[in-house]
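Hello,

Here is the structure for your files. My notes follow below it.

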Amino acid sequence: MLPADCSSRLVAELRDALDSCAQRQRQLERSLRISRRLLRAWEPAKTPVPEPTPGPETDEEVPSSAFTACSPSPQDLKELELLTQVLEKAVRVRKGISKAGGDKAPTVKSESTATSPATRASTRLRASDWTGSHASETKPPRGIRQTRVPAKDLSEHRLVSVEDPACIGRGARAAKLEPSRRSQETVPLAAPQAREVFTLKDKGILLQLPVAFRKAASQNSRLWAQLSSTHTSDSGDAATTAKNHFLQKMQTTSGWPSSRLSPAEVEAEVGRLQKACSLLRLRMGEELTADPKDWMQEYRCLLTLEGLQALAGQCLHRLQELRTAVVEQQLEPWPEGRLPRASSPCGGGADTIRSPPLLLYSSTQELQTLAALRLRVAMLNQQIHLEKVLMAELLPLVREQEPLGPPWLALCRAVHSLLCEGGERFLTILREDEPAD
Amino acid sequence: MGRRRRRRVDPADAARALPEAIAVLTRTLPTGPSPETFRRAKFDRPEAAPALWRLLFCVLSPMPADGASPSLALEAQARSVKAALRFQGYPRRALAQLPDDGSQGGRELLLALAWLLARGPTLEQLLAQSRVRLGDEMPVCECESLASPGPAVPSVEADGCVDIRHLQWLMGKLRFRWRKLMASQQEQCALLGKIHSYTRGCHSDRSLGHLSVTETELLRDPEGGQQLLQRLERENVRLEAALEWRRRELVFWQWMDTVLGACPPEASQPTFLPKIPAQGAAELELVVRELQALQEELQGVAETRWAAWEARVGGHGPEWSASRRALQEAVRQDLVALQWAWERGGGLAQPHGPHRLVRTEAGAPEGRGLQATEVIEVLRSREACLEVVLGQLQGQCRQELARLVGTLPGLIWIPPPGR
C-alpha cells in the first residue's frame with residue numbers, strides 16, 4: 001500500500017487526466033450525433049417552409065420574421081389556385097409528350113440539377129430546358145418553375161428561386177406565396193407522387209442558406225472586424241488615461257504594495273519557465289547529437305551549451321524569486337476551487353477577436369491525419385506530465401523502503417511498469433533461492 | 001484632430017451621458033443587470049448586490065464548453081467570485097470580507113467590475129468566449145490542453161491509502177479512453193469530410209465554398225435554425241453596444257472615481273489571510289527540480305569537452321580572435337531568439353487558436369488561410385520531440401530502478417520483450 005498523501009495526489013492526477021479525456025469524448029459524441037443525423041435521410045420539417053413576409057418590397061424585412069409562417073391573403077390564394085390549374089395542365093401536356101417518346105420523366109429533371117451548382121443559375125437552367133421543349137407554353141413554365149421545383153421533391157427545403165425577384169418575373173406574386181406545403185396538398189400532381197426523401201449525398205448541393213441568416217452572419221463578421229480594428233485605435237486615449245488613473249487609485253487605496261504579484265501572474269510565469277526548461281532541454285539535445293567537424297564548430301557547440309547553462313541559471317534564479325515572493329507576501333497561489341482560466345491563454349489578444357482564420361484541407365485523409373496528430377500530441381503531453389508526477393512520488397518510495405522482501409519486489413515491478421513502460425508491459429524478476437539443503 | 005467634433009457641453013447632455021453609457025454597458029454584458037442596479041450599487045444598497053454577484057460570476061468563469069452549467073446557488077457563486085478575484089490579484093480586501101450569502105456589498109462589487117473592465121479587454125474577451133461559431137472549428141495549437149487547471153483538491157473518497165494496482169488500473173483505463181477517443185475522432189473527420197464535399201458550392205461566401213455542420217443543421221432543422229439566428233442577432237446587438245461603449249466610456253470612468261472616493265479608506269496593514277495549501281506550489285517545485293537537473297547535465301557535458309578543446313586548440317593568431325568574436329556573437333543572437341520563444345510575446349509566430357475548416361481542392365491558390373499540410377508538419381515535429389522527451393524520462397527511470405535493484409544479490413531482472 002502506498003502512503004496516504006502520495007496516494008491521494010496520484011489518484012487525483014490520474015482522475016484529472018481521465019476527466020479531461022471524458023470531456024473530449026463527450027464533445028466528440030455530441031458532434032458525431034449531429035453529423036450522423038445530417039448524413040441520414042432528413043425527416044420532413046414540422047414547420048412550414050420559411051418565406052419572407054409577403055409584400056411588395058421586402059427589403060426592410062424584419063429578420064426574425066423570416067422564419068415565421070405567413071398566412072397568404074385571399075388574393076394570393078386565388079393566384080395559387082390559378083397556378084395549380086396551370087400546373088396540372090402543364091403536367092398533362094408533359095405526360096403527353098413523354099408518352100410519345102420523350103425520355104425525360106419529371107423525376108429525372110430534378111436529378112439533373114444535381115450536376116450543377118445549386119445557385120440561381122441552376123434554376124434558370126432548368127427553366128430553359130422547359131421553355132425549350134414547350135415553346136408554346138411560354139408563360140406557364142415560368143410560373144411553374146417556381147412552385148414545381150420546390151413542390152416536387154424538396155418540399156421540405158428552402159430553395160432559393162422563390163426569393164429572387166429576377167426569377168419571379170413580372171408581378172408574379174405567386175412566387176411570394178408559400179410553396180410546397182399548401183401547394184402540395186392542393187396540387188394533385190399527375191407525376192409520380194413518391195415523396196422523395198432528402199439526403200445530403202444526393203441533393204446537398206441544392207441547399208442554400210436563408211437570406212435572413214446570411215444577412216445576420218455578414219453583419220456579424222463585419223461587426224467583429226470593426227471591433228478588432230478599433231481595438232488599438234486612438235478613440236480611447238482619454239478613456240485609457242482615465243482607466244489607468246482609476247486602477248492606480250484602486251491600488252493605492254488598498255494598502256497593499258503595488259509590486260505584489262497576483263497568483264495569476266505567478267502561475268503564468270511558472271508556465272513560461274516550464275516552457276523555457278523544455279526548450280532549453282530540446283536545444284541541448286540538438287547540440288549533443290550534432291557532430292562537430294572542426295574546432296570552430298566544436299567551439300560554437302560549446303559556447304551554445306554554456307549559454308544554455310547560463311539561461312537555465314537565470315530561470316532558476318527567477319523561480320527562486322517567485323518562491324520567496326509567494327511565501328513572503330502570504331500569497332495563496334492557487335486558491336481552493338479556483339475557476340478555470342477565464343481568458344484563453346493562446347490567441348494573443350486581438351487575434352481571437354477577429355473571425356476565425358481558415359484552415360484548408362484537401363482530403364478526408366488529410367483531415368484525419370491532422371486530427372490524429374493533434375490528439376497524439378495532447379496525449380503525449382499528458383503522458384509526460386503524469387510521468388513526471390509519478391516519478392516524483394514513486395521513486396522515493398522505492399528508495400526508502402528498506403525491507404527487501406517480496407512486497408518490495410512487487411512494488412519495484414509495478415513501479416517499473418508504470419514508469420518505464422507506460423503501464424503496458426511488465427518485467428519479470430527471478431529470485432535465486434538458496435539451494436535447500 | 002480635425003475629426004473630433006467640438007461639442008458644446010450642454011448640461012442636459014452631460015447629465016444624460018452617464019446613464020446612457022451605463023445603459024450601453026449593460027447591453028454588452030452577458031447577464032446585463034439594469035442600469036438602476038448600478039446606481040443603487042454606488043450607494044451600497046443591498047438590493048444591488050445579488051445581481052452584481054451573478055454578473056461577476058458570469059464574467060469570471062468562462063462558459064463551460066459542454067454548455068450545461070449547473071446553476072450554482074448564490075453563495076457558491078459568491079465564493080467562486082472571491083476566489084477568482086483573489087487569484088487575479090484584486091487589491092481590495094473589503095471584498096473578501098463580504099458575507100457569502102450575497103446580501104451586501106453593492107459598491108464593492110461595482111468597484112470589482114470596474115477593475116476587471118479597466119485591466120484588460122474584458123468585454124471583448126467575454127464576447128469572444130461566447131461567440132456564435134458558425135463554422136467547424138479546430139484549434140491548431142495545443143495551448144488549451146496544456147492550460148488545463150491542475151487537479152482540484154483531492155476528493156474525500158480518495159483519502160486513505162491505495163494499492164499500486166489501483167494506479168495501474170487507472171492508467172489502463174486512461175489508455176483505453178485515449179484509444180476510444182482516437183477512433184471517434186477519425187469517424188468525425190470522415191463525416192465532416194463528407195458533409196463538406198456534399199455541400200460544396202452552397203455557401204454564399206465564395207471563399208468558404210461549402211456549408212459547415214452548423215449551417216447544414218440549421219437547414220435541416222428550422223426551429224433550431226431560428227434559435228441560431230436569434231443568438232446571432234443577440235450577439236450583433238451586443239457587438240454594436242460594445243462598439244458604442246468605446247465612444248462613451250470616459251464618463252463612466254470619471255463616475256467610478258467618485259464611487260471609489262465614496263468608500264471608506266482601507267486599513268494600511270493587511271490582516272492575515274488564512275493560508276490554503278497550494279497545489280501550484282508543487283508545480284513550481286517540479287520546474288525548479290527540472291531546471292536544476294538540466295543545469296547539472298549541461299555542466300557535466302560541457303566540462304570534459306572544453307578541456308579537450310582547450311588542449312587541442314591552444315593559442316592561435318589574430319584571425320583566431322576575430323572568428324572567435326564572430327562565433328560568440330552568432331551564438332548570442334541564437335540564444336536571444338531562443339529566449340524570445342518563451343518570454344512574453346514569443347510564440348506568436350506559430351498559428352494559434354481555433355481555425356475554421358474549409359475543404360478545398362488540392363493545389364488551390366494559397367493565401368486564403370493556413371494549409372493543413374503545414375500544420376501536419378509542425379505537429380509531426382512536435383510529436384517527435386515529445387516522444388524523445390518521454391523516452392528520456394522513461395530511460396532515466398529505468399536506470400534508476402536498475403541501480404536500486406542491481407545492488408541486491410540473487411535477483412535476475414528480465415525486462416519485457418519488444419523494446
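Strand E2 (residues 428-431) of chain A runs antiparallel to strand E4 (residues 411-414) of chain B, and four bridges join them. Within this pairing, A:Arg431 has B:Leu411 as its bridge partner in E4(B). Strands count as paired if DSSP finds at least two bridges between them. Helices (H or I, at least four residues) and strands (E, at least two) are DSSP runs, numbered from the N terminus.

Before you read on: this is a predicted model, in which local features need pLDDT of at least 70 and side-chain atom pairs count only at pLDDT 80 or more, while totals for chains, interfaces and linings use all residues. Residues are numbered from 1 along each chain as its sequence is written, chains are lettered from A and ligands numbered from 1 in the order in which they are written, and side-chain values use heavy atoms, with hydrogens and water left out.

**The mixed sheet**

An open sheet has four strands in the order E1(B)-E2(B)-E1(A)-E3(B), with mixed pairing. Its edges are strand E1 (137-139) and strand E3 (370-371) of chain B, each pairing on one side only. E1(B) runs antiparallel to strand E2 (residues 354-359) of chain B, with three bridges joining the two. There, B:Pro139 has B:Pro354 as its bridge partner. H8(B) packs on the sheet and touches E1 of chain A together with E2 of chain B; its direction makes about 55° with that of E2(B). Axes are lines fitted to C-alpha atoms, for helices over the stretch in contact, and angles run from 0 to 180 degrees between N-to-C directions.

E1(A) and E2(B) run parallel, joined by four bridges. A:Leu358 has B:Arg356 as its bridge partner in E2(B).

**The interface**

Which chain areas are buried? Chain B and chain A bury about 21,100 Å² between them, 69% of it on carbon and sulfur atoms. Buried area is the accessible area (1.4 Å probe) that two parts lose on being put together, summed over both. B:Phe87, B:Trp178 and B:Trp342 supply 4% of the area that chain B buries against chain A, more than any other three residues. The contact (heavy atoms within 4.5 Å) takes 217 residues from chain B and 207 residues from chain A.

The rule finds 13 salt bridges across this interface. A salt bridge is a side-chain nitrogen of Lys or Arg within 4 Å of a carboxyl oxygen of Asp or Glu. One joins B:Glu290 to A:Lys388, with the closest N and O atoms 3.2 Å apart. Helix H8 (residues 164-198) of chain B gives the most to the side of chain B that touches chain A, with 28 residues.

**Salt bridges overall**

Over all chains, the search finds 36 salt bridges. B:Glu20 forms one with B:Arg248, the closest N and O atoms being 2.7 Å apart. B:Glu20 lies in helix H1 (residues 11-28) and B:Arg248 in helix H10 (residues 222-261), both of chain B, so the pair ties together parts that are 228 residues apart in sequence.

Best wishes
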